[in-house]
Each structure stands twice: as structure tokens, then as C-alpha cells.
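Me: Hi! Could you walk me through the charged pairs in this one?

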Amino acid sequence: MATTQTRRGDLGMVLGADGMVTLMGNLVRIPDVSFTNWDRVPDRRAPDEPVPELAPDLAVEILSEGNTREEMDRKLKEYFLSEVALVWFIDPRKRTARVFTSPDDVTELNETDTLDG
């Protein structure tokens, strides 16, 4: 588990592709990358549990050929029902990013745009 450091200090924790989180009670998700602000984390300390019950602030999904539209729509709804604030779907083949601030509010960016979260 890594922490995110900027000029403003230690902002939170970043989990990679092995970083499982439990959403809505017993729903386990494994975003490709996630960020959780320390304000969401009890005692502002990385959880000891291997699969913490903790909705990240940002969930990033890297799309692959095996992902179906139905699967990604379901994940998107689950993230926002669990109070994830921001979801990115990165499509490496198309070189685009879809930035969601809700299941219905999306901005599509291409490789010349700036991805900001």
C-alpha cells in the first residue's frame, strides 16, 4: 500500500491492481488503481485487513477486450452507490479516458487532453 505525497503533504493511500476493497457490505471490487483520501480512513492509518470495507475517492478501471459494456455499467453504478466520488475508465486501445462524476455525467478525453482528478 502506497501513500500519495504532493507539495501539500500526505494526501492518502493508493492501491494498485491487487488492492481489493469491499463496497456496500460484501461486494468486493478490485479496481486497477484506487485512491482514498485519509479523511475517509479510520484513524488516518492504512487498514490491516486484506480486504478493507472502504470506498475509495477515485477508482480507475483499465479496459480490456474481455470487459463487456454491461459489466462496466454495473461496476460504475456500484462504485457510485458506494460513494466513490470519481471513476475513470481508461481505454488503452483507443487512447481515451472517460471521466465519470456520476453514472450519467461523463467527459471523454483523448491523448492530447489533461486528465485531472
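This is a predicted model: local features need pLDDT of at least 70, side-chain atom pairs count only at pLDDT 80 or more; totals for chains, interfaces and linings use all residues.

Me: Great. How many salt bridges does the structure hold?
Reply: There are 8 salt bridges in the structure.

Me: Let's take Arg44. Which side chain does Arg44 meet in a salt bridge?
Reply: Arg44 pairs with Asp39, at 2.8 Å from N to O.

Me: And is Asp39 buried or exposed?
Reply: Asp39 is exposed, with a relative accessibility of 64%.

Me: Switching to the helix. What does Asp73 form a salt bridge with?
Reply: With Arg69; the closest N and O atoms of that pair lie 4.0 Å apart.

Me: How many residues apart are Asp73 and Arg69 in helix α1?
Reply: They are 4 residues apart in helix α1, which covers residues 69-81, so about one helical turn separates them. Arg69 is exposed at 59% relative accessibility, while Asp73 is partly exposed at 32%.

Me: Nice. What about Arg74, which residue does Arg74 meet in a salt bridge?
Reply: That would be Glu78, with 3.6 Å between N and O. Arg74 and Glu78 are also 4 residues apart in helix α1, so about one helical turn lies between them.

Me: Is Glu78 buried or exposed?
Reply: Glu78 is buried, at 11% relative accessibility. Arg74, on the other hand, is partly exposed, with a relative accessible area of 41%.

Me: Which residues do salt bridges that share partners join into one network?
Reply: Arg29, Arg74 and Glu78 are linked into one network that way.

Conventions: Residues are numbered from 1 along each chain as its sequence is written. Side-chain values use heavy atoms; hydrogens and water are left out. Buried means under 20% relative accessible area, exposed over 50%, partly exposed in between (1.4 Å probe, protein chains only). Helices (H or I, at least four residues) and strands (E, at least two) are DSSP runs, numbered from the N terminus.
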